[in-house]
Amino acid sequence: MTGNKSREKEIYKVTLTGSVVNIALVIFKFIAGVLGRSSAMIADAVHSLSDLITDVIIILFVRISNKPRDATHEYGHGKFETFATLIIGITLIVVGIGIGYEGIMKIKAVINGAILPKPGWIALVVAILSILSKEILYHYTVAKGKSLKSDVLIANGWHHRSDAFSSIGTAVGIGGAVLLGSKWTVLDPVAAVIVSMLIIYTAWKLMRPAIDELLEKSLPDEVEKEIADTTLSFPGVFDLHNLRTRKIGNQYAIEFHLRMHADKTLKETHDMGSAIEKRLKEIYGEKTHVIIHMEPEKQ
């Protein structure tokens with residue numbers, strides 16, 4: 001099995017694991033919300049449902065992003081994965097705004113004299129189970145995302161954690177209502193508003209690198225310095241300029257001009273360029289896009 005196919009299979013495995021958990025949580029949360037008379041738990045179920053939607057997005061986009069380059073996408077399809085990350089971020093923001101709006105409306109209703117219904121214990125138990133399961137999923141998914149160098153998996157891991165944050169707010173609100181009485185049911189919407197802000201902040205953190213990549217932002221300064229230092233360490237190479245870098249999905253694209261002594265033969269300069277390209281691919285991955293323009297030293 002090729003490395004590309006193996007990576008794709010691992011991403012699917014992690015995503016499907018999360019999907020199974022999400023399906024179970026959606027079912028249990030809806031049942032607990034109805035039986036436990038908890039609108040917060042029903043809202044939390046909707047949030048878990050958004051996780052399922054992002055799982056589907058990942059399965060679709062990762063398959064596309066791992067397709068080999070073709071006549072219409074000569075640099076490959078890596079940015080489809082980046083686009084999926086952006087969609088997850090946007091989904092998180094929409095969910096966060098929705099949770100926050102609903103919470104504000106409930107707080108406003110309480111201020112105007114309304115008393116929110118007291119939820120049952122079943123809703124609190126499911127909220128706690130949701131927190132534990134989603135936090136475990138977060139650590140599992142993010143760890144896999146880092147090992148596979150998949151931004152979209154890391155993004156989905158944070159989506160799992162956002163669901164855990166939502167369930168924390170739900171648990172606090174339900175727990176306060178159950179243990180302190182109906183006058184404290186306002187804790188539920190207050191916690192929901194706080195959680196919504198955390199979700200929106202998390203979404204922005206995920207979206208920023210995806211936006212930077214889609215806008216062709218250069219690689220970090222330390223990476224560009226490492227590229228230059230690696231290249232200039234080869235004997236006979238004494239100048240590197242016009243360095244251009246960017247990210248394509250989980251791969252790097254590196255282009256630069258290189259000056260060598262003018263007495264070198266065409267074969268010698270070609271062999272040197274090939275050796276440098278091989279070394280850069282050893283550092284940044286076999287699929288790294290490297291273009292080197294060789295120039296003679298200035299006379």
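Leaving aside neighbours within four places in sequence, which residues is Thr288 in contact with? The tour gets there after a look at the whole chain.

**Before you start.** This is a predicted model, in which local features need pLDDT of at least 70, side-chain atom pairs count only at pLDDT 80 or more, and totals for chains, interfaces and linings use all residues. Residues are numbered from 1 along each chain as its sequence is written, and side-chain values use heavy atoms, with hydrogens and water left out.

**Whole chain.** Colour by secondary structure. The protein has 8 helices and 3 strands; these are DSSP runs numbered from the N terminus, helices being H or I of at least four residues and strands E of at least two. From the N terminus, the order is α-α-α-α-α-α-α-β-β-α-β. Of the 299 residues, 45% count as buried (under 20% relative accessible area; exposed is over 50%, partly exposed in between; 1.4 Å probe, protein chains only).

Select 237-248, 251-260 and 289-296. The 3 strands form an open sheet in the order E1-E2-E3, with mixed pairing (two strands pair if DSSP finds at least two bridges between them). Strands E1 and E3 stand at the edges, each with a single partner strand, so one side of each has no neighbour in the sheet. The twist averages 10° from one strand to the next (axes are lines fitted to C-alpha atoms, for helices over the stretch in contact; angles run from 0 to 180 degrees between N-to-C directions).

Now show E2 with E3. They run parallel, joined by 8 bridges. Phe256 stands opposite Ile292 in E3.

**Asn242.** Go to strand E1 and pick Asn242. Its phi is near 55°, a positive value in a residue other than glycine. Most residues other than glycine have a negative phi. Asn242 is partly exposed, with a relative accessible area of 45%.

**Thr288.** Move to the loop between helix H8 (266-284) and E3, where Thr288 lies. Is Thr288 buried or exposed? Thr288 is buried, at 4% relative accessible area. Its side chain reaches the backbone oxygen of Tyr284 at 3.1 Å. Beyond neighbours within four places in sequence, Thr288 is in contact with Tyr252, Ile254 and Lys281 (contact means heavy atoms within 4.5 Å).

How values were computed
A polar contact is a pair of N or O atoms within 3.5 Å; within protein, one must be able to donate a hydrogen and the other to accept it, and residues adjacent in sequence count only if both atoms are side-chain atoms.
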